[in-house]
Amino acid sequence: MMGSDFYFRNKIPVAVLGATTLLGQKFVHILARHPWFEITALCDMDPFIGQLYQDAIPSNIAHSLPTFIGQMS
């Protein structure tokens, strides 16, 4: 039996660098529903600054993410 301290009480805030790259999109997809981590920031290069995340990535990937992540800029 595992001790109660094995489970996190609060999620760990994380930022994903290069969020619109192929690897960054995979990280976002994995972290979006992870029980230990919470995405608090998505960082990327100049062409995507100021855009909503859902507008900067392919629509088929954007539809599979939670709404609050797609609305991040």
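Student: Is V14 buried or exposed, and why?
Tutor: V14 counts as buried, because its relative accessibility is 18% and the cut-off for buried is under 20%. Keep in mind that this is a predicted model.

Student: Where does V14 lie?
Tutor: V14 is part of strand β1.

Student: What does V14 touch?
Tutor: Leaving out residues up to four places away in sequence, V14 touches L31, F37, E38, I39, T40 and A41. As for L31, its C-alpha atom is separated from that of V14 by 8.8 Å, with the two residues 17 apart along the chain.

Student: Which strand does β1 pair with, and in what sense?
Tutor: Strand β1, residues 12-17, pairs with strand β2, residues 37-43, in the parallel sense. The pairing runs over six bridges.

Student: What stands opposite I12, and what stands opposite V16?
Tutor: I12 has F37 of β2 opposite, and V16 has L42 of β2 opposite.

Student: How does the chain cross from β1 to β2?
Tutor: The chain goes through helix α1, residues 22-32, and this β-α-β crossover is right-handed.

Student: Back up a bit. What is the order of elements in the whole chain?
Tutor: From the N terminus the order is β-α-β-α-α-α. That gives four helices and two strands.

Student: OK, α1. Which of its residues are buried?
Tutor: The buried residues of α1 are G24, Q25, V28, L31 and A32. They lie on the same side of α1, because they cover an arc of only 135° around the axis.

Student: Why would residues three or four places apart point the same way?
Tutor: An α-helix has 3.6 residues a turn, so residues at that spacing point the same way.

Student: And which exposed residues are on the face turned away?
Tutor: That face of α1 carries L22, L23, K26 and I30, which are exposed.

Student: What covers the buried residues of α1?
Tutor: The cover includes both β1 and β2. It also includes the helices α2 (53-56), α3 (59-62) and α4 (67-70).

Student: Q25 is in that buried set. How buried is Q25?
Tutor: Q25 has a relative accessible area of 8%. With the cut-off at under 20%, Q25 therefore counts as buried.

Student: What does Q25 touch?
Tutor: Not counting residues up to four places away in sequence, Q25 touches A19, T20, Y53, I57, P58 and I61.

Student: New topic: the largest nonpolar core. How many residues, and which touch the most other members?
Tutor: The largest nonpolar core has 14 residues. V28, I39, L42, Y53, L65 and I69 touch the most other members.

Student: Which element gives the most to this core?
Tutor: Helix α1 gives the most, with three residues. At least two residues come from each of β1, α1 and β2.

Student: What about I69, what does that one touch?
Tutor: I69 touches V28, A32, I39, L42 and Y53, again not counting residues up to four places away in sequence. V28 and A32 are among the buried residues of α1.

Student: Now the whole chain. How much of it counts as buried?
Tutor: Of the 73 residues, 27% count as buried.

Student: Last one: what share of the contacts with a separation of 6 or more comes from residues 24 or more positions apart?
Tutor: Residues 24 or more positions apart account for 61% of those contacts.

Key. Residues are numbered from 1 along each chain as its sequence is written. This is a predicted model: local features need pLDDT of at least 70, side-chain atom pairs count only at pLDDT 80 or more; totals for chains, interfaces and linings use all residues. Side-chain values use heavy atoms; hydrogens and water are left out. Buried means under 20% relative accessible area, exposed over 50%, partly exposed in between (1.4 Å probe, protein chains only). Contact means heavy atoms within 4.5 Å. Two strands pair if DSSP finds at least two bridges between them. A crossover is right-handed if, with the strands pointing away from the viewer, the path from the first strand over the helix to the second runs clockwise. The arc is that of the directions from the helix axis to the C-beta atoms. A nonpolar core is a set of buried Ala, Val, Leu, Ile, Met, Phe, Trp, Tyr and Cys residues joined through side-chain atoms within 4.5 Å.
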